[in-house]
Amino acid sequence: MAWRGWAQRGWGCGQAWAPSGGGRSCSELITALAPPRLLGGRFNFFIQQKCGFRKAPRKVEPRRSDTGTSGEAYKRSALIPPVEETVFYPSPYPIRTLIKPFFFTVGFTGCAFGSAAIWQYESLKSRVQSYFDGIKADWLDSIRPQKEGDLRKEINKWWNNLSDGQRTVTGIIAANVLVFCLWRVPSLQRTMMRYFTSNPASKVLCSPMLLSTFSHFSLFHMAANMYVLWSFSSSIVNILGQEQFMAVYLSAGVISNFVSYMCKVATGRYGPSLGASGAIMSVLAAVCTKIPEGRLAIIFLPMFTFTAGNALKAIIAMDTAGMILGWKFFDHAAHLGGALFGIWYITYGHELIWKNREPLVKMWHEMRTDGPKKGGGSK
């Protein structure tokens with residue numbers, strides 16, 4: 001009754017202020033304004049105040065890697081850096097996240113093969129000059145007194161004994177070792193996770209598709225990949241040449257990561273990936289397709305040999321099963337994408353891409369020859 005008396009005084013509805021006939025009575029107004037009754041004759045005074053404020057919108061929490069999806073599995077793998085504190089931001093429209101990576105893949109692949117064609121052109125031009133320089137260097141070495149036990153001489157001797165393929169992949173191996181060492185710097189962990197692991201739920205999508213190809217967190221992972229690359233380097237460079245091999249290797253790394261993106265978006269299993277396995281799978285698949293009767297063996301079981309064609313079939317079957325069944329220790333989608341690209345390129349891509357590089361080379365040659373002429377005429 002105390003609340004009702006306050007309402008009458010506050011609204012001016014006492015007997016002294018009663019409205020004239022024909023209008024609503026004070027008791028009717030009090031009944032309309034009174035809050036609902038709870039527990040008999042008691043009132044809930046907080047209902048009116050509660051209705052006077054808007055409810056704050058609920059913030060969408062970013063997806064963390066330790067959810068029930070692939071993040072948990074990746075966290076258990078020794079090949080992947082720890083991701084307990086890593087926050088991912090999957091897009092509410094997953095298909096849209098593939099647009100930028102798709103154009104990056106197409107553009108980077110085109111630039112890689114275009115740069116390789118120009119590189120080969122410049123190498124051919126300088127080969128004659130290098131030949132005469134080599135003759136001069138040999139003559140100077142013959143009349144120069146030799147130093148015994150010179151470290152530089154030993155390094156040059158080791159380098160000259162390597163095949164063209166081994167010399168080519170030496171730079172790739174050095175880059176992988178450098179990135180592996182950077183993973184051991186605690187202050188760089190966030191930067192390495194952001195730019196050297198590929199994940200479609202990350203804020204950075206394009207550059208990790210290339211940088212993660214040179215990134216390994218596990219020493220065993222890096223050693224196994226570099227051993228396979230070193231083993232197949234001579235064969236693949238003999239088949240494609242140094243320049244074309246580099247274009248295929250880098251393009252395969254980006255393409256395999258894009259296939260991994262598509263698989264993760266389709267299945268919803270977001271998680272970081274890193275390693276050169278996708279690019280190396282393209283090298284292995286290209287060699288096995290070109291030389292299917294070659295004999296291969298496992299490093300720890302050299303007594304068991306098998307043909308390259310059968311090995312390729314087994315690898316593709318295993319990666320296909322792993323992608324379908326959701327095995328999460330390896331990125332089977334990236335492996336499969338790299339292998340399929342290697343098979344396609346050695347079968348069709350060489351004819352479609354590399355043998356049609358002549359217009360680009362001619363345009364580059366004209367730019368190189370016209371430049372000095374214009375410069376000489378302006379003097």
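1. A quick term before we start: buried means under 20% relative accessible area, exposed means over 50%, and partly exposed is in between (1.4 Å probe, protein chains only). On that scale Glu 122 is partly exposed, with a relative accessible area of 24%.

2. Keep in mind that this is a predicted model, where local features need pLDDT of at least 70, side-chain atom pairs count only at pLDDT 80 or more, and totals for chains, interfaces and linings use all residues. Residues are numbered from 1 along each chain as its sequence is written, and side-chain values use heavy atoms, with hydrogens and water left out.

3. Now the charged pairs. A salt bridge here is a side-chain nitrogen of Lys or Arg within 4 Å of a carboxyl oxygen of Asp or Glu, and the count by this rule is four. Side chains of opposite charge can pair when their charged atoms come close.

4. Have a look at Arg 368 and Glu 122, whose side chains form a salt bridge at 2.4 Å, N to O. This pair links distant parts of the chain, 246 residues apart: Arg 368 sits in helix H15 (residues 358–377) and Glu 122 in helix H5 (residues 99–143). Helices are DSSP runs (H or I, at least four residues), numbered from the N terminus. Arg 368 is partly exposed, at 36% relative accessible area.

5. Helix H15 also holds Lys 362 and Glu 358, four residues apart, or about one turn of the helix. Their closest N and O atoms are 3.4 Å apart, in a salt bridge. Lys 362 is partly exposed, with 48% relative accessibility.

6. Another salt bridge joins the side chains of Glu 351 and Lys 355 (3.1 Å, N to O). Glu 351 is partly exposed at 43% relative accessible area, and Lys 355 is partly exposed at 48%.

Key. Helix = DSSP H or I, 4+ residues; strand = E, 2+ residues; numbered from the N terminus.
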